[in-house]
Amino acid sequence: MAHLSSATDPDYFEPELYNAAELDFFLKHLGQSPEVAAYTGLPAGVTRAAVDDVIGRVYRFQELKKAHGDAVQWPGVDAVKSSIVEDMNWRKQCASVVAKGGPKHPSIFHWNTSGEGIRGATGSDGGTVRTRILPGGARKRLGIRLTSEDPNINLDTAYVADFAQVADGPDRLIHDETKRRYECPICAYTTTYKADNRRSANMARANMGHHLKSPKNDERTRHQRLWNSEYSSTRTIAVTELASD
Ligand SMILES: [Zn+2]
């Protein structure tokens, strides 16, 4: 069976198509031939198909460059490595968002200037992670182009796999005590409260409840479901957590 990435344009390297073990293996062995890289065996989770696909492709580009010089357009091994490192960092960032109860793949949302995230909107990743979100909210492609000296050229024309399904867990309201705010994991709507002020904290939580009841976007069912799990019972997490502070 062909590796998933065989469905992508061979001109591009898309780090999100590979698992963590594969990315790690690529980082260690990029520049070698696939035969040399795989000679002593592959670690768990690393498929030979992925090795042939990525390490093999990079190796071929290198050899072509050596033989034909300027006739070959190719950004170099370091560009591929940077792309991998950037993707690994983005995965770590995503993991910390999940730890706070947020969506597993924040970049499939479109985050607008008022801080609202709309899933699958124009500018977001659709069903597949292919961008990371920079601190200012701008997006940067995680993939790179392999058939140009400039790895970032014409990236938007890269093939985007439409088979990847996003499996988010159940939504959980995000309570950031450091920033004293509640955040809706579905659309990133936030309510904030004053320090050491239970009334203010209760208000912020109640306002978030209103938001979940009548969200200003299309994810009504999901918001209602979150309201059910967070508000319909007699949970008072926020206030008790605050009191012990
Ligand atoms: Zn919301």
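Visitor: Which helix has the lowest mean pLDDT among the elements of the protein, and which has the highest?

Guide: First, the idea: pLDDT is the predictor's confidence in each residue, from 0 to 100. Here helix α7 (residues 237-243) has the lowest mean, 34, and helix α2 (residues 34-38) has the highest, 97. This is a predicted model, so local features need pLDDT of at least 70 and side-chain atom pairs count only at pLDDT 80 or more, while totals for chains, interfaces and linings use all residues. Residues are numbered from 1 along each chain as its sequence is written.

Visitor: What pLDDT does the protein average?

Guide: The average is 76, and 67% of the residues score at least 70. Over residues 157-168 the pLDDT is below 50, and this stretch has 22 contacts beyond near neighbours in sequence. Residues 1-7 stay under 50 too, with 12 contacts beyond four places in sequence. A contact means that the C-beta atoms of two residues, placed from the backbone, lie within 7 Å.

Visitor: How many helices and strands does the protein have?

Guide: Both are DSSP runs numbered from the N terminus: helices are H or I with at least four residues, strands are E with at least two. This protein has 7 helices and 9 strands.

Visitor: What is the strand order in the open sheet of 3 strands?

Guide: Two strands pair if DSSP finds at least two bridges between them. The order is β7-β8-β9, with antiparallel pairing. β7 (174-176) and β9 (190-192) stand at the edges with a single partner strand each, so one side of each has no neighbour in the sheet. Neighbouring strands are turned by 20° against each other on average, direction ignored; the axes behind such angles are lines fitted to C-alpha atoms, for helices over the stretch in contact, and angles run from 0 to 180 degrees between N-to-C directions. To find the β7 pairing on screen, look for the 3 bridges that join β7 to β8 (residues 181-183), with Asp 176 opposite Arg 181.

Visitor: Which residues of helix α1 are buried?

Guide: You count neighbours: a residue is buried if 20 or more other C-beta atoms lie within 10 Å of its own, exposed if 12 or fewer, and partly exposed in between, with C-beta atoms placed from the backbone. In α1 (residues 20-29) the buried ones are Glu 22, Leu 23, Phe 25 and Phe 26. Seen down the helix axis they fall within an arc of 160°, so they line one face; the arc is that of the directions from the axis to the C-beta atoms. Ala 20 and Lys 28 are exposed, on the face turned away from the buried side. For the whole protein, 30% of the 245 residues count as buried.

Visitor: Which residues touch the most other members in the largest nonpolar core?

Guide: In soluble globular proteins, nonpolar side chains tend to be buried together. A nonpolar core is a set of buried Ala, Val, Leu, Ile, Met, Phe, Trp, Tyr and Cys residues joined through C-beta atoms within 7 Å. The largest one has 20 residues, and Phe 13, Phe 26, Val 51, Val 54, Ile 55, Val 80 and Ile 144 touch the most other members. β1 (12-13), α1, α3 and α4 (77-99) each supply at least two residues, and the largest share, 6 residues, comes from α3. Not counting residues up to four places away in sequence, Phe 26 touches Val 54, Ile 55 and Ile 84. Apart from this core lies another, of 12 residues, among them Tyr 182 and Leu 212.

Visitor: Is Leu 146 buried or exposed?

Guide: Leu 146 is buried, with 23 other C-beta atoms within 10 Å. You'll find Leu 146 in the loop between β6 (144-145) and β7. Its contacts beyond four places in sequence include Phe 13, Arg 57 and Trp 74. Arg 57 is 89 residues away along the chain, yet the two C-alpha atoms are separated by 9.1 Å.

Visitor: What is the phi of Ala 188?

Guide: Most residues other than glycine have a negative phi, and most peptide bonds are trans. Ala 188 has a positive phi of about 70°. Ala 188 sits in the loop between β8 and β9 and counts as partly exposed, with 19 C-beta neighbours inside 10 Å. Asp 196 also has a positive phi, near 50°. Asp 196 is in the loop between β9 and α5 (198-213), and counts as exposed because it has 10 C-beta neighbours inside 10 Å.
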